[in-house]
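Here is a set of questions about one model, each answered by setting a value against its criterion.

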Amino acid sequence: MNAPPAVSIQASHALGAAFIFKKALISALVALVLFSLMIGVRTEAGPTGQLIYWTRFGDLAAMVATVFGGSIVVELLRQWWGPVGTIRVVPTNVKSALALARRGIAPVLLIFTFLVPVIFYDQRYILDLGILVLTYVMLGWGLNVVVGLAGLLDLGYVAFYAVGAYSYALLATNFGLSFWICLPLAGILAALWGVMLGFPVLRLRGDYLAIVTLAFGEIIRLVIINWQSLTGGPNGVSGIPRPTMFGIPLTPGDDGLAAKLGIEFSPTHRIVFLFYLILALALLTNWVTIRLRRLPIGRAWEALREDEVACRALGINTTTTKLTAFATGAMFGGFAGAFFATRQGFISPESFTFQESALVLAIVVLGGMGSQLGVALAALAMIGGFELFRGLEQYRMLVFGIAMVLLMIWRPRGLIGHRAPTVFLERSQAISSDLVKEGHG
Amino acid sequence: MDYFAQQLINGLVLGSVYGLIAIGYTMVYGIVGMINFAHGDIFMIGGFIALISFLILVSFGLTAIPLILLIVLLVSMAITALYGWTVERIAYRPLRHSFRLAPMLSAIGMSFVLTNYSQIAQGARVKPVPPIIRGGYTLHEGASGFVVQLSNVQIVVVIATIVLLALFTWLVARTRLGRDMRACEQDQTMAALLGVDVDRTISMTFVIGAALAAVAGMMYLLYYGQVDFNMGFVAGIKAFTAAVLGGIGSLPGAMLGGLAIGLIETMWSAYFSVEYKDVAAFSILIIVLIFLPTGLLGRPEVEKV
């Protein structure tokens with residue numbers, strides 16, 4: 001079964017140990033130059049304010065040795081794996097089992113998510129992590145409308161998240177409006193901002209669009225930081241009211257939910273409520289997206305992604321198509337923002353940096369651009385992986401960056417590399433995402 | 001009027017630094033067609049290496065400032081260029097023929113890696129250095145006592161920029177490497193068929209871009225007297241804005257865009273508010289792109305159906 005790879009393994013073995021050693025030596029030399037000053041020398045402002053430096057040749061030697069060893073391992077792994085593009089023959093029974101598992105994974109995941117608060121009722125940490133993951137799942141699904149379906153590259157998605165969060169925070173703290181009134185308002189405001197961003201960028205394509213959306217995200221953040229009288233500037237907004245269960249507060253008081261139901265109050269109730277709230281919001285996003293894909297507007301989005309010129313030739317109004325994509329994506333971002341504000345009770349501009357936009361975009365791309373399940377899995381992997389490194393606080397972003405690079409090299413098309421088409425003849429067949437265009441904005 | 005002249009000088013100097021970084025963006029974009037998000041961090045690394053090599057040279061007892069500056073310039077260009085090469089080799093080359101978003105995300109990841117690498121390696125605190133090049137000239141003394149000054153640092157920054165730009169324009173227009181680069185920009189497959197080593201040319205593009213970013217990093221160090229691990233992001237975004245503003249893929253455009261962004265930022269802080277200077281720069285970008293969707297000097301994209 002595995003005959004072709006075996007041949008290639010033999011071929012590359014012929015290159016021999018000398019080749020591997022030479023390659024590792026070159027890598028080590030490059031590493032030595034790269035790290036010589038940055039790691040071999042450490043600078044710091046001394047007691048008099050003057051910069052002083054000391055050397056760390058031990059660390060430098062360790063790093064170079066690691067690179068040397070690492071590149072030998074990588075080279076050996078590469079030879080064992082065979083050349084890139086080797087086709088591996090998978091037995092039919094394994095293939096059908098995989099297909100079955102793939103079909104089963106979505107419902108199993110959904111049921112498991114519903115049961116999380118029941119299973120982990122006593123583990124506050126897991127519930128909090130679950131809420132965080134679901135928030136990113138929702139953001140990913142929201143951005144997926146813009147990037148995955150309409151093919152418009154948006155690097156400033158966090159702006160809408162911020163608009164939603166600040167809308168709720170300011171409306172609730174200044175006018176005392178409840179969460180359930182503010183939630184739709186936050187969505188509408190974010191959608192309005194989406195249209196406002198959409199208008200100037202209608203004519204832009206590709207990377208011009210990317211940089212304008214990035215600039216837009218930065219503008220929103222800078223305005224929030226500097227408009228101190230309204231937003232509190234870098235200090236943020238605190239004392240944001242917690243959500244109520246349709247008017248019934250989740251507090252230990254007499255009018256609280258626990259008292260009304262006649263059960264003992266526990267702070268976990270609120271966490272569980274928040275969990276189901278974000279789950280409902282995320283599922284709403286998912287449901288709306290799935291429905292929209294079957295409506296003319298969703299089809300127009302996907303057509304726009306595939307070929308804008310053909311779209312126009314067929315009489316699709318690209319202006320409204322782009323604007324609705326921006327508005328829909330932004331609205332879900334706004335919902336998620338309002339939820340974020342009510343969950344945290346405190347928001348500041350620090351939560352809305354470009355890193356967040358990059359994280360959400362990474363989730364969408366890693367999820368396979370347009371695959372709903374893929375986005376959910378990618379959010380779980382990204383946020384979960386991020387949490388694993390919580391102990392190594394300062395190495396966290398480093399590991400995150402390395403993971404992003406490696407994942408892109410490993411699977412440029414994302415975890416779920418195929419799509420289910422909404423229009424088909426006779427029966428639905430998964431299409432490889434290699435055939436799906438990524439759009440030009 | 002004097003105040004305006006002073007701001008004009010400051011803006012042009014700042015713009016030169018942005019322009020040097022922007023060239024790296026625009027070259028890479030022209031050839032590979034991707035936004036090299038890690039380029040701002042390459043600039044930051046260049047600043048750090050200039051700082052460290054400067055400290056070492058001073059502690060060895062060198063006192064001749066021009067000699068020190070020359071060595072620092074060469075060392076930081078060489079090491080930073082190697083950073084550029086390594087980033088391309090690790091993060092972009094495996095994704096060369098992949099779809100458009102993959103190298104971009106890989107670049108964003110690389111940018112995080114470089115930022116946090118230098119934070120871990122050199123600490124999070126801002127690294128200040130005393131002014132290395134002192135003195136300057138008084139150009140004009142106004143009646144109100146306002147003095148228009150041109151400091152020696154500013155002269156060095158502008159002269160270095162002009163020299164490098166001239167050198168670079170010559171490189172692209174007259175040398176074999178420049179011809180290969182222009183060929184790859186037009187059609188990679190055709191260039192490869194005609195004997196151009198595409199991989200090598202792209203590597204060299206990254207190397208040159210990184211070397212120019214290192215110069216910008218060193219100029220930044222001389223001009224502002226400090227570096228920190230976080231300076232790459234904002235400077236990178238603004239330089240990219242400059243590249244887009246000038247028309248991405250065009251070298252004079254990158255320089256022009258850099259100067260424009262530098263001037264807008266300086267004038268805005270001088271006459272309106274310092275807090276909103278970045279907002280002004282980004283807003284101008286959006287406004288220019290509404291009317292000129294391909295930037296100031298960019299060629300309009302012709303779409304074949």
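Q: How confident is the predictor in chain B of this predicted model?
A: Chain B averages a pLDDT of 88, and 98% of the residues score at least 70. The model as a whole has ipTM 0.86 and pTM 0.87.

Q: What makes α1(B) roughly antiparallel to α8(B)?
A: The axes of helix α1 (residues 2-32) and helix α8 (residues 198-224), both of chain B, cross at roughly 165 degrees and come within 9 Å. Angles over 145 degrees count as roughly antiparallel, so α1(B) is roughly antiparallel to α8(B). The crossing is left-handed.

Q: Which residues make the contact between α1(B) and α8(B)?
A: On α1(B) they include V13(B), L20(B), G24(B) and V28(B). On α8(B), I202(B), F206(B), G209(B) and Y223(B) are among them.

Q: How many nonpolar, polar and charged residues does the contact of α1(B) with α8(B) have?
A: There are 19 nonpolar and 3 polar residues, and no charged ones. Gly counts as polar, and G24(B) and G209(B) take part in this contact.

Q: How many residues of chain A are in contact with chain B, and which element gives the largest share?
A: 46 residues of chain A are in contact with 56 residues of chain B. Elements of chain A that give two or more residues to this side include α2 (16-38), β1 (41-45) and α8 (206-226). The largest share, 12 residues, comes from α8(A).

Q: What is the class make-up of the side of chain A that touches chain B?
A: That side divides into 36 nonpolar, 4 polar and 6 charged residues.

Key:
Residues are numbered from 1 along each chain as its sequence is written. Chains are lettered from A and ligands numbered from 1 in the order in which they are written. This is a predicted model: local features need pLDDT of at least 70, side-chain atom pairs count only at pLDDT 80 or more; totals for chains, interfaces and linings use all residues. pLDDT is the predictor's confidence in each residue, from 0 to 100. Axes are lines fitted to C-alpha atoms, for helices over the stretch in contact, and angles run from 0 to 180 degrees between N-to-C directions. Helices (H or I, at least four residues) and strands (E, at least two) are DSSP runs, numbered from the N terminus. Angles under 35 degrees count as roughly parallel, over 145 as roughly antiparallel, 65 to 115 as roughly perpendicular and the rest as oblique. A crossing is left-handed if the near helix is turned anticlockwise from the far one by less than a right angle, and right-handed if clockwise. Two residues are in contact if their C-beta atoms, placed from the backbone, lie within 7 Å.
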